[in-house]
Structure formats: structure tokens, C-alpha cells
Amino acid sequence: MKLFSLSKYERIKEKKNIQLLIQDGSSVFSSKNSLKAIYLIQDSNEPGVKIAVGISRKAGKAVWRNKLKRLIRNAYRLNKIPLVKSAQQYKKQVLILFTSLSYNEQNSKKLHYWEIETEVKSLLNKIEKRISGSVKENQHKLK
């Protein structure tokens with residue numbers, strides 16, 4: 001598997017996984033509160049990270065929404081390595097659903113990659129801390 005790719009095995013496609021995420025997942029907000037990530041951390045024999053990107057129709061026209069989704073996926077793809085390594089180290093499977101909070105076509109006609117990338121990085125850092133934190137919490141419970 002290539003290092004900076006986003007293969008079909010790294011995407012959430014099943015409706016049951018998305019419903020599970022929405023029901024049981026925890027939320028994290030980016031540094032500027034413009035993006036939100038709903039995530040679920042599970043113990044697994046196949047550790048790794050799977051993602052999905054969902055943008056509401058209320059955010060704007062299809063061309064604008066698709067560009068935002070493309071930018072989010074690209075920012076994730078280029079910054080996923082620390083998250084994937086920690087998930088594999090702690091034998092966890094992480095499901096992540098990225099959504100938009102304040103990004104919409106009326107407020108920001110032009111989307112800039114560097115803005116999206118900083119938001120996605122902050123989300124990934126917060127989720128990575130939660131992975132290592134959940135392992136430490138479980139170790140304290142065992143003692």
C-alpha cells in the first residue's frame with residue numbers, strides 16, 4: 001500500500017458503519033470550529049483508519065460541496081501517517097466522519113487548501129491523542 005494514497009479499504013462505504021458512527025461516535029471540533037469530525041475507536045484484529053466525508057446540501061451547490069470534500073480528503077491523505085501509526089500501535093480501528101460546520105458557499109466562495117489543511121490537522125491531532133488516551137484509561141482500569 002502506498003504511503004500517501006487513500007485506497008478503497010480506507011473509506012467507509014457501508015451504511016451500517018456510518019449509522020454506528022452517528023449513534024455511538026464522539027465529536028471533535030477543529031481549531032476554528034469550521035470542521036467537525038465524528039469518530040469511533042474500537043479494538044480490532046485489523047487496526048487502521050477509515051474515513052468518510054459528508055457535506056450537507058445546505059452548504060452550497062454541488063460543485064462547491066465536491067471541491068470541499070476533495071480538499072478535506074486530500075488534506076487527510078497527506079497528514080494521516082501519525083494517526084495510522086498510533087492506531088496500528090495500539091491495535092485500534094478508527095472510523096472518522098468529517099463534516100462541515102461553518103463552511104458554506106455564501107460565507108466563503110473561494111476555498112483555500114491551506115485553511116482546510118490546518119483544520120484537518122487539528123482534528124487528526126485531537127483524535128490521535130484520544131487513541132493513546134483511551135489505551136491509558138483502560139490500563140488504569142485494569143490496575
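**Figure 1. Confidence across the model, from helix 2 to helix 4.** Of the protein's elements, helix 2 comes out with the highest mean pLDDT, 94, while helix 4 (residues 113-142) has the lowest, 80. pLDDT is the predictor's confidence in each residue, on a scale from 0 to 100. Helices (H or I, at least four residues) and strands (E, at least two) are DSSP runs, numbered from the N terminus. Over the protein, the mean pLDDT is 88, and 92% of the residues reach 70 or more. This is a predicted model, so to speak of a local feature we need pLDDT of at least 70, and side-chain atom pairs count only at pLDDT 80 or more, whereas totals for chains, interfaces and linings use all residues. Residues are numbered from 1 along each chain as its sequence is written, and side-chain values use heavy atoms, with hydrogens and water left out.

**Figure 2. Helix 2 and its buried side.** Trp 64, Arg 65, Leu 68, Leu 71, Ile 72, Ala 75, Tyr 76 and Asn 79 are the buried residues here. They sit on the same side of helix 2, because they cover an arc of only 130 degrees around the axis. The arc is taken from the directions that run from the helix axis to the C-beta atoms. As for the labels, buried means under 20% relative accessible area, exposed over 50%, and partly exposed in between (1.4 Å probe, protein chains only).

**Figure 3. One aromatic pair, Tyr 76 with Phe 98.** The count of aromatic pairs comes to one. Its ring centres, in Tyr 76 and Phe 98, are 6.3 Å apart and the planes are at 55 degrees, so the pair is tilted. The rule: rings of Phe, Tyr and Trp (its six-membered ring) pair if their centres lie within 6.5 Å, with planes under 30 degrees apart called stacked, over 60 edge-to-face, and the rest tilted. Tyr 76 belongs to helix 2 and Phe 98 to strand 4, so the pair ties together parts 22 residues apart in sequence. Tyr 76 is buried at 0% relative accessible area, and Phe 98 is buried too, at 1%.

**Figure 4. Strand 3 beside strand 4, with Lys 92.** Strand 3 (residues 48-54) is mostly covered, with five of its seven residues buried. Strands 3 and 4 run parallel and are joined by seven bridges; two strands pair if DSSP finds at least two bridges between them. One of the bridge partners is Gln 93 in strand 4, facing Gly 48. Lys 92 is in strand 4 (residues 92-100) and is buried, with a relative accessible area of 5%. Its side chain makes a polar contact with the side chain of Asp 43, at 2.4 Å. A polar contact is a pair of N or O atoms within 3.5 Å; within protein, one must be able to donate a hydrogen and the other to accept it, and residues adjacent in sequence count only if both atoms are side-chain atoms.

**Figure 5. Two loop residues with positive phi.** Most residues other than glycine have a negative phi. Asn 33, not a glycine, has a positive phi of about 55 degrees. Asn 33 lies in the loop between strand 1 (26-29) and strand 2 (35-43) and is partly exposed at 46%. Lys 91 also has a positive phi, near 55 degrees. Lys 91 is in the loop between helix 3 (81-89) and strand 4 and counts as exposed at 54%.
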